[in-house]
Amino acid sequence: GGNSVPYLKNTDQIEKFKQTIKKQITVFKQLKPTACILFIGPADMSKKIDGVLQTYPNLESIVKCLKEAALENGAAFWSMYDVMGGKNSMIKWAEHQPAWASKDYIHFTRQGANRIAELFVQTFMIYYDYYHFLKRHPQRNADDIIMKLK
């Protein structure tokens with residue numbers, strides 16, 4: 001989805017993009033019905049708007065639509081945008097020492113790519129461990145666990 005962000009400028013274009021993603025997920029599911037699909041949403045990306053560096057205007061709407069497309073079609077979704085820190089986080093990643101993003105405010109540096117990969121693996125492992133916990137404790141469900149944590 002990241003390469004499409006600069007070109008999706010209104011709600012109609014974003015909705016058409018969502019429908020395209022839904023169709024692509026459907027094709028993958030038809031090709032391999034037993035496969036588990038994990039859709040990774042785009043990273044934050046910034047550009048100057050009225051002289052101020054900020055997140056692309058429709059990025060949050062695009063992430064929301066991609067998440068909906070994935071979940072409505074039985075795929076999991078990981079929001080790189082949210083994991084990075086959300087709105088204007090790319091600016092912080094570019095300013096980090098060492099820089100985790102290039103000064104184009106779109107692409108990760110090698111260190112940034114490694115960092116986002118670490119965050120992905122950590123997230124994946126948390127859910128993997130949770131999956132195994134639930135297998136070992138079938139009488140438990142997510143709602144019970146969440147209520148006990150509150």
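Reply: A residue counts as buried when its relative accessible area is under 20%, as exposed when that area is over 50%, and as partly exposed in between. In this predicted model, the buried residues of helix α5 are G112, I116 and L119.

Me: What covers the buried residues of α5?

Reply: Their cover includes strand β4 (76–78) and the helices α3 (80–84) and α4 (89–95). Cover of this kind is a matter of contact, that is, of heavy atoms within 4.5 Å.

Me: How do you know that the span of α5 is close to the expected one?

Reply: Helix α5 covers residues 110–136, which makes 27 residues. The expected span is 1.5 Å times one less than the number of residues. For α5 this gives 39 Å, and the helix reaches 39 Å from its first C-alpha to its last.

Me: Why is W78 called buried?

Reply: The relative accessible area of W78 is 8%. The cut-off for a buried residue is under 20%, so W78 is classed as buried.

Me: What makes F120 and F124 partly exposed?

Reply: F120 has a relative accessibility of 22%, and F124 has a relative accessible area of 45%.

Me: Why is the pair of W78 and F120 called edge-to-face?

Reply: Rings pair if their centres lie within 6.5 Å, and planes over 60 degrees apart count as edge-to-face. The ring centres of W78 and F120 are 5.0 Å apart and the planes stand at 85 degrees, so the pair is edge-to-face. Since W78 belongs to strand β4 and F120 to helix α5, the pair ties together parts that are 42 residues apart in sequence.

Me: What makes the pair of F120 and F124 tilted?

Reply: Here the centres are 6.0 Å apart and the planes are at 35 degrees. Stacked planes are under 30 degrees apart and edge-to-face planes over 60, so this pair is tilted. F120 and F124 are four residues apart in helix α5, or about one helical turn.

Me: Which residues do ring pairs link into a cluster?

Reply: W78, F120 and F124 are linked in this way. A search of the whole structure finds five aromatic pairs.

Me: What makes a set of residues a nonpolar core, and which members touch the most others in the largest one?

Reply: The members must be buried residues of the nonpolar kinds, joined through side-chain atoms within 4.5 Å. The largest such core has 20 residues, and I21, L59, I62 and L66 touch the most other members. Helices α1 (11–31) and α2 (59–72) each supply at least two residues of this core, with the largest share, seven residues, coming from α2. A second, separate core has 13 residues, including M80, M90, I91 and A101.

Me: With which residues is L59 in contact, leaving aside its neighbours within four places in sequence?

Reply: L59 is in contact with V5, P42, A43, D44, M45 and Y81.

Me: How many helices and strands are there in the protein?

Reply: The protein has six helices and four strands, and along the sequence they follow the pattern α-β-β-β-α-β-α-α-α-α. Of its 150 residues, 31% are buried.

Notes
Residues are numbered from 1 along each chain as its sequence is written. This is a predicted model: local features need pLDDT of at least 70, side-chain atom pairs count only at pLDDT 80 or more; totals for chains, interfaces and linings use all residues. Side-chain values use heavy atoms; hydrogens and water are left out. Buried means under 20% relative accessible area, exposed over 50%, partly exposed in between (1.4 Å probe, protein chains only).
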